[in-house]
Amino acid sequence: MSGWSGRTKPCSRADAQGRFRRAETFLYVADLVLGEEVGSDEDDDGINLSGVSALFAVLAGIAAADAACCHRLAAHSRGQDHKQAVALVRTVIPNGPAMANDLDRLLDLQDNAHNDVLGVSQTEARSAVEQARRVVEAAKAVLATP
């Protein structure tokens, strides 16, 4: 973690495995609700679950990035500053820069989706799920290294 100065919390490789399983679960739910609508009553057209899908994608990306950091760095970001979390993920070898880029996009979406969960478009949600999938796959590769 040399050159990084944000808040971190120590974690182990066992923690990495747990966080990775959580990331996979969040990604599964994001995929499950992507494109779905829930009808609320006869007069309503239904509620689009794109925002819910996007939020679960964000959670998947965060958990996967934390897993990679725990495995490689024995710590993950604990600060409120998203840029510090992205900077820490960027230091992970292998795949850190790619994970950081996708995580940065997901965290930007989180701010928008959290404030207006129903206002996330289908296109934004689909993009978030793909970004989260890339972070999960990159983290999986990190966890496969010694």
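Is Asp66 buried or exposed, in terms of its relative accessible area? Asp66 is buried, with a relative accessible area of 13%, where buried means under 20%, exposed over 50% and partly exposed in between, for a 1.4 Å probe and protein chains only.

This is a predicted model, in which local features need pLDDT of at least 70 and side-chain atom pairs count only at pLDDT 80 or more, while totals for chains, interfaces and linings use all residues. Residues are numbered from 1 along each chain as its sequence is written, and side-chain values use heavy atoms, with hydrogens and water left out.

The count of salt bridges (a side-chain nitrogen of Lys or Arg within 4 Å of a carboxyl oxygen of Asp or Glu) comes to six, including those tabulated here.

| Pair | Closest N to O |
|---|---|
| Asp66 and Arg19 | 3.6 Å |
| Asp102 and Arg105 | 3.1 Å |

Asp102 and Arg105, by contrast, both lie in helix α4 (residues 96-115), three residues apart, about one turn of the helix. Asp102 is buried at 6% relative accessible area, whereas Arg105 is partly exposed at 44%.

There is also one aromatic pair, formed by Phe26 and Phe56, which is tilted, with 6.0 Å centre to centre and 50° between the planes (ring centres within 6.5 Å; planes under 30 degrees apart count as stacked, over 60 as edge-to-face and the rest as tilted).

Note on methods
Helix = DSSP H or I, 4+ residues; strand = E, 2+ residues; numbered from the N terminus.
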